[in-house]
Amino acid sequence: MATLPPALWAIAYTIAKPAMQTFPPMFLMAIIYAVTALALYRPSVGRNTPLWALIAAATLGGSLQSALIFCGISLVPSTMAVLTVQSQVPFAVLAAWAIGQERMNGRRLGGIALSLAGVALVVGMPASVGEFRGLLLIVLGTLCWGVAQGIIRATSTDSGRQLMGMMSAIAAPQLLAMSFLLETGQRQSLSSAGLYDWTGVAVLALGGFVAAYSIWYGLLRRYRIDQVAPFALLMPVTGVLIAFLFLNERPSPAVLAGGAVILIGLGLVVRAPTKTDLQAA
């Protein structure tokens, strides 16, 4: 089950780029979260997660991270975006450590530093000001997502489906308000969208959010972040392959090198701790 969310996210991030040629990014994500809320939220089930934690997680890991990441994706190639999004794993581990949910040691700190250096390598090679801005938005979005994962891990006992449904019900109106404040062309996008565009929206909502996050938060409820996070390493492999096959994107050797550094660092972060590591912690 843990192999499915990264693959679904990679597909979602790749499909999001052409979909945003029709829909403004934040407006698109408002639609996605609204569909997710309708599919998953059941008010009769009740809530176990504290309200403050739910609002914080929905804002940081829902509306804010989606606005930042998907606005960033609209400015950079999909391959570069998928590689940069991997910074979410060290951010999530750091957040969980700060909240007291994970142990930290020298190996993990070194892995975090190396993975962030890989992100810096990718970010340091933008071809334009627009690409630099896009990559910066993605990194800020992954930081928000990482903090939200730590909050969820520490406070939530709801099922993955119910948690994602509640978060989506909060994030959808937030994103809609942000869209009307910061974007234009919402009405025109609805009238001009064709079958291909709405198919992309359906795949994003049902695959990348309803299915992927229901599984992910269900796993996060039962396992530590450092146990679940390794599966995120599947995301860049799938994303680069999909971008190559369907969007005809060919990542440069420098971007691939940066991605390799990210993955090596992440491997150190999520590798199972040795007896020496546990004694040091």
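Threonine 142, at 0% relative accessibility, counts as buried; the term denotes under 20% relative accessible area, with over 50% being exposed and the range in between partly exposed (1.4 Å probe, protein chains only). The model is predicted, and local features therefore require pLDDT of at least 70 and side-chain atom pairs pLDDT 80 or more, whereas totals for chains, interfaces and linings use all residues. Residues are numbered from 1 along each chain as its sequence is written, and side-chain values use heavy atoms, with hydrogens and water left out.

**Overall architecture**

The protein chain contains 14 helices and zero strands. These elements are DSSP runs numbered from the N terminus (helices H or I, at least four residues; strands E, at least two). Along the sequence the pattern reads α-α-α-α-α-α-α-α-α-α-α-α-α-α. Of the 281 residues in the protein chain, 52% are buried. Among contacts (heavy atoms within 4.5 Å) with a separation of 6 or more, 91% join residues 24 or more positions apart.

**Selected buried residues**

| Residue | Relative accessibility |
|---|---|
| Threonine 36 | 0% |
| Threonine 142 | 0% |
| Tyrosine 33 | 2% |
| Methionine 80 | 7% |

Threonine 142 belongs to helix 7, which spans residues 129-155. Residues up to four places away in sequence aside, threonine 142 touches Ile69, Thr84, Val85, Ser87, Gln88 and Phe91.

Methionine 80 is located in helix 4, residues 78-85.

Helix 2 covers residues 25-40 and includes threonine 36. The side chain of threonine 36 reaches the backbone oxygen of isoleucine 32 at 2.8 Å. Beyond residues up to four places away in sequence, threonine 36 touches Tyr41, Met164, Ser168, Ala205, Phe209 and Val210.

Tyrosine 33 is also part of helix 2. The tyrosine 33 side chain makes a polar contact with the side chain of serine 66 at 2.9 Å. A polar contact is a pair of N or O atoms within 3.5 Å; within protein, one must be able to donate a hydrogen and the other to accept it, and residues adjacent in sequence count only if both atoms are side-chain atoms. With neighbours within four places in sequence left aside, the contacts of tyrosine 33 are Gly61, Gly62, Gln65, Ser66, Met164, Ser168, Ala171, Ala172, Leu175 and Phe209. Tyrosine 33 and methionine 167 stand 134 residues apart in sequence, with a C-alpha to C-alpha distance of 8.6 Å.

Helix 2 packs against helix 10 at an angle of about 55°, their axes being 9 Å apart. Axes are lines fitted to C-alpha atoms, for helices over the stretch in contact, and angles run from 0 to 180 degrees between N-to-C directions. Helix 2 and helix 10 are therefore oblique to each other. Angles under 35 degrees count as roughly parallel, over 145 as roughly antiparallel, 65 to 115 as roughly perpendicular, and the rest as oblique. On the helix 2 side, Leu28, Met29, Ile31, Ile32, Tyr33, Val35, Thr36, Ala39 and Leu40 meet Val201, Leu204, Ala205, Leu206, Phe209, Val210 and Ser214 of helix 10. By class, this contact holds 14 nonpolar, two polar and no charged residues. Ala, Val, Leu, Ile, Met, Phe, Trp, Tyr, Cys and Pro are taken as nonpolar, Asp, Glu, Lys and Arg as charged, and the others, Gly among them, as polar.

**Packing of helix 8**

Helix 8 (residues 160-182) meets helix 10 (residues 195-222) at an angle of about 120°, with axes 7 Å apart. These two helices are therefore oblique to each other, and helix 8 passes helix 10 in a right-handed crossing. Gly160, Arg161, Leu163, Met164 and Met167 of helix 8 form the contact with Phe209, Tyr213, Ser214, Tyr217 and Gly218 of helix 10. The residues comprise six nonpolar, three polar and one charged.

Helix 3 (residues 51-73) packs on helix 8 at about 50°, with the axes 8 Å apart. That angle makes helix 3 oblique to helix 8, and their crossing is right-handed. Leu54, Ile55, Ala57, Ala58, Thr59, Gly62, Ser63, Ser66 and Ala67 in helix 3 meet Leu163, Met166, Met167, Ile170, Ala171, Gln174, Leu175 and Met178 in helix 8. This contact divides into 12 nonpolar, five polar and no charged residues.

Key:
Left-handed = near helix turned anticlockwise from the far one by under 90°.
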